[in-house]
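Here's a quick briefing for anyone meeting this structure for the first time. Take a look at the model, then read on.

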Amino acid sequence: MCLFCRILRGEEEGYIVYRDDFFTAFLDKFPVSPGHTLIATNTHFDNILEVDDETLERVGKVVKFLGRAIKNALRADGVRILTNVGRSSGQVIFHTHIHIIPSWEDDQEVFPNFKPRAEQPKEYYMKLQRIIIEGIEKELKGNS
């Protein structure tokens, strides 16, 4: 069983910020930037090209919703949204997932102690998880 399937089943630690019938979003263990979040399919598919049509039709709405919520919650200037298909493209975990990577004009000013692509202290994950969940809740209230 792959790492993401184990996270989704609660067998591995994951800082989950969102879950619905099709997707679960959690913080990247080795983030590119603060708040780097992964949206994984709840059903195992190796990559987005293998996803069934029903899930694929839903992914855009979830990416848009979470991308906006994360950007606003972290007061980011922008976000990168991407997925990799195959080892040559940089795919490391072969379970469909989409990256939401917040960006700022000056990352060091906003998060001065952040080290990209390194495992962060537990406090980082707990703090960002709380901030993003609050941002998602705020976004939900704004959409109702």
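A residue counts as buried when its relative accessible area is under 20%, as exposed when over 50%, and as partly exposed in between, using a 1.4 Å probe and protein chains only. What you're looking at is a predicted model, where local features need pLDDT of at least 70, side-chain atom pairs count only at pLDDT 80 or more, and totals for chains, interfaces and linings use all residues. Residues are numbered from 1 along each chain as its sequence is written, and side-chain values use heavy atoms, with hydrogens and water left out.

**Overall layout**

- The chain has four helices and five strands, taken as DSSP runs (H or I, at least four residues, for helices; E, at least two, for strands) numbered from the N terminus.
- The chain's radius of gyration is 15 Å, which agrees with the value near 15 Å for a compact globule of 144 residues; that's taken over C-alpha atoms, and the globule rule is 2.2 Å times the number of residues to the power 0.38.
- Along the principal axes, the C-alpha atoms fill a box of roughly 40 × 35 × 30 Å.
- Take the contacts (heavy atoms within 4.5 Å) between residues at least 6 apart in sequence: 65% of them join residues at least 24 apart.

**Aromatic pairs**

- Rings of Phe, Tyr and Trp (its six-membered ring) pair if their centres lie within 6.5 Å; planes under 30 degrees apart count as stacked, over 60 as edge-to-face and the rest as tilted.
- By this rule there are six aromatic pairs.
- One of them is F4 with F26: the ring centres are 5.2 Å apart and the planes sit at 80°, so the pair is edge-to-face.
- That pair links distant parts of the chain, with F4 in helix α1 (residues 3–8) and F26 in strand β2 (residues 23–27), 22 residues apart.
- F4 is buried, at 4% relative accessibility, and F26 is buried too, at 2%.
- Y18 and F65 have ring centres 6.2 Å apart and planes at 55°, so this pair is tilted.
- Y18 lies in strand β1 (residues 16–19) and F65 in helix α2 (residues 53–73), so the pair ties together parts 47 residues apart in sequence.
- Y18 counts as buried at 17% relative accessibility, and F65 does at 12%.
- Y15, F114, Y124 and Y125 form one aromatic cluster.
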